[in-house]
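Please examine the sequence and the model shown below.

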Amino acid sequence: MNKESKIKLHVGIDDTDSAEGMCTTYLTCIILNKLNEIGIKPLNYPRLIRLNPFARYKTRGNGALSFVIELNDRNDVNKVEKIVLDNVEKYSMFDGVNTNPGVVFYEGEITQEMKDYAINAIYKIYTIDYAEDFAKEIGARIYKFKKGRGIIGSIAAISLELTDETFELLAYRMPENIGTKRQLNEDSIYKMNEETYPDTFDNIDIEGEYTAIEPHTPCPVLYGIRGNNPEIVKKAHSLVISEEKISDYCIFRTNQHTDMHIQSGFKIKDMVNTSCYKFDAIVSENPHDIKGGHVFFKVTDGTDEIECAAFEPTKTFRNIVRKLSVGDELTIYGGLNENHTLNIEKFKLNKIATIYKYLNPVCGCGKRMKSAGKNKGFKCPKCGTILRNSDKIKEPIERDDIKVGFYEVPTEARRHLSKPIIRIETGADQILQK
Ligand code: ATP
């Protein structure tokens with residue numbers, strides 16, 4: 001049979017897991033294994049696509065899954081669809097209040113309107129009805145379980161065009177170990193990091209105090225290694241020593257760490273809640289701490305002023321933010337939450353403002369003078385000299401505790417979509433894999 005007559009089938013799956021367990025990546029891995037048993041392999045790596053980080057019903061990182069296969073005939077299409085649906089039915093966490101699985105099957109090439117749908121599923125919030133109407137328009141077959149909210153993400157997962165990409169290798173636990181403490185050899189993770197960073201990243205937290213590849217939820221994932229290409233995540237995986245048996249692993253092509261959620265070219269006055277932006281602004285109100293350890297400050301771009309926040313989980317990042325001052329010029333990357341506060345993911349300090357302190361004058365005898373009383377000038381405490389009409393002296397404050405450059409939240413607080421500075425500095429964000 002020639003290639004022309006083959007059927008290209010895109011499969012999208014989303015919203016099968018809950019905070020209590022499972023992971024749609026694991027379910028995808030199970031499905032791919034079942035397909036492999038009947039001789040069907042995906043055309044490329046399965047995709048793990050992260051969508052709008054502000055989606056209300058997400059479990060963790062708002063991820064949706066997809067893969068593409070080429071099939072000989074309708075009979076094969078039916079077989080694949082049955083395997084996918086049977087396993088979604090078998091493994092989904094239906095008890096989860098917010099678990100509403102959705103599956104999509106689409107034949108043919110991805111169109112521009114599908115690509116637009118997908119990028120807007122990162123920028124905006126959709127309704128299930130909107131996704132359902134869109135599926136009808138493009139001729140996709142959708143399957144909704146419970147409310148079927150997952151169709152929003154599954155359509156986006158098959159449709160997104162990747163203009164930058166990273167890879168994540170996910171290793172899975174044996175079923176009997178799920179829910180117990182993960183048994184990984186820590187030293188091997190540090191060694192893996194030494195050998196593969198910066199082509200892998202986010203393995204160790206920013207202060208190097210703990211390893212960051214293992215999740216802290218009762219899901220089937222033992223660890224995830226993120227990197228710029230499939231080879232490096234495979235190499236890194238071979239260097240990690242696990243003291244528990246790994247049931248399987250799978251490499252996913254992803255839009256994680258690409259800043260694909262960040263929109264440019266918007267002025268503050270036009271920015272809307274639950275969207276993410278990159279923009280230039282000037283600090284207009286000094287940072288201050290509020291209860292709970294959150295740090296707030298304001299910026300303006302001349303069109304409006306907006307409150308920015310470095311929340312408590314961003315830990316040491318807050319120390320840098322506290323050093324900002326009115327007049328500092330920044331390029332800010334972050335998302336506007338439901339309260340219209342900008343949750344900062346990273347920023348570039350472009351220009352440090354000169355700020356001043358105001359001091360009493362120094363007396364001719366060398367001693368700093370004291371106030372002689374309201375509107376009465378200054379008096380030297382040592383020699384008694386009086387200065388009747390002198391003003392305070394303006395002196396620039398040294399600001400060598402902060403430098404021009406990029407600053408980002410630590411690994412643990414980073415959104416899946418956020419591009420780590422190291423990918424920018426090494427130019428890894430400019431290389432698309434074949
Ligand atoms: P995990 O990271 O463990 O896979 P999750 O955070 O991906 O979990 P899901 O269980 O996938 O969470 O739930 C997210 C839900 O939000 C899905 O039903 C998905 O279809 C929906 N969703 C995704 N993008 C949007 C959007 N832009 N607008 C509205 N809903 C969305």
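Predicted model: local features only at pLDDT ≥ 70, side-chain atom pairs only at ≥ 80, totals over all residues.

Residues are numbered from 1 along each chain as its sequence is written, and side-chain values use heavy atoms, with hydrogens and water left out.

There are 22 residues around the ligand, and those that come nearest are Asp14, Asp15, Arg60, Asn62 and Gly63; a residue is near a molecule if one of its heavy atoms lies within 4 Å of it. By class, this shell holds 7 nonpolar, 7 polar and 8 charged residues. Here Ala, Val, Leu, Ile, Met, Phe, Trp, Tyr, Cys and Pro count as nonpolar, Asp, Glu, Lys and Arg as charged, and the others, Gly among them, as polar. Helix α5, residues 150-159, gives the most to the shell, with 3 residues. Helices are DSSP runs of H or I with at least four residues, strands are runs of E with at least two, and both are numbered from the N terminus.

Polar contacts are pairs of N or O atoms within 3.5 Å. An N or O atom in the side chain of aspartate 14 is 2.7 Å from a ligand oxygen atom. Backbone atoms take part too: a polar backbone atom of glycine 63 is 2.6 Å from an oxygen atom of the ligand, and for a polar backbone atom of arginine 149 the distance to a ligand oxygen is 2.9 Å. Of the 640 Å² of accessible area that the ligand has on its own, the protein covers 96%; such areas come from the Shrake-Rupley method with a 1.4 Å probe.

Helix α5 also packs against other helices. Its axis and that of helix α4 (residues 128-138) come within 8 Å and cross at roughly 45 degrees. Axes are lines fitted to C-alpha atoms, for helices over the stretch in contact, and angles run from 0 to 180 degrees between N-to-C directions. Angles under 35 degrees count as roughly parallel, over 145 as roughly antiparallel, 65 to 115 as roughly perpendicular and the rest as oblique; α4 and α5 are therefore oblique to each other. Helix α3 (residues 112-123) packs with α5 at about 120 degrees, their axes being 8 Å apart, so α3 is oblique to α5.

Elsewhere, helix α6 (residues 186-196) and helix α7 (residues 230-239) pack at about 150 degrees with axes 9 Å apart, so α6 is roughly antiparallel to α7.

Two backbone features remain. Most residues other than glycine have a negative phi, and most peptide bonds are trans. Asparagine 62, in the loop between β2 (47-50) and β3 (63-71), has a positive phi near 45 degrees. A cis peptide bond with omega of about 10 degrees joins tyrosine 197 and proline 198, and proline 198 lies in the loop between α6 and β7 (200-201).

Conventions: Polar contact = N/O pair within 3.5 Å; in protein donor to acceptor, adjacent residues only side chain to side chain.
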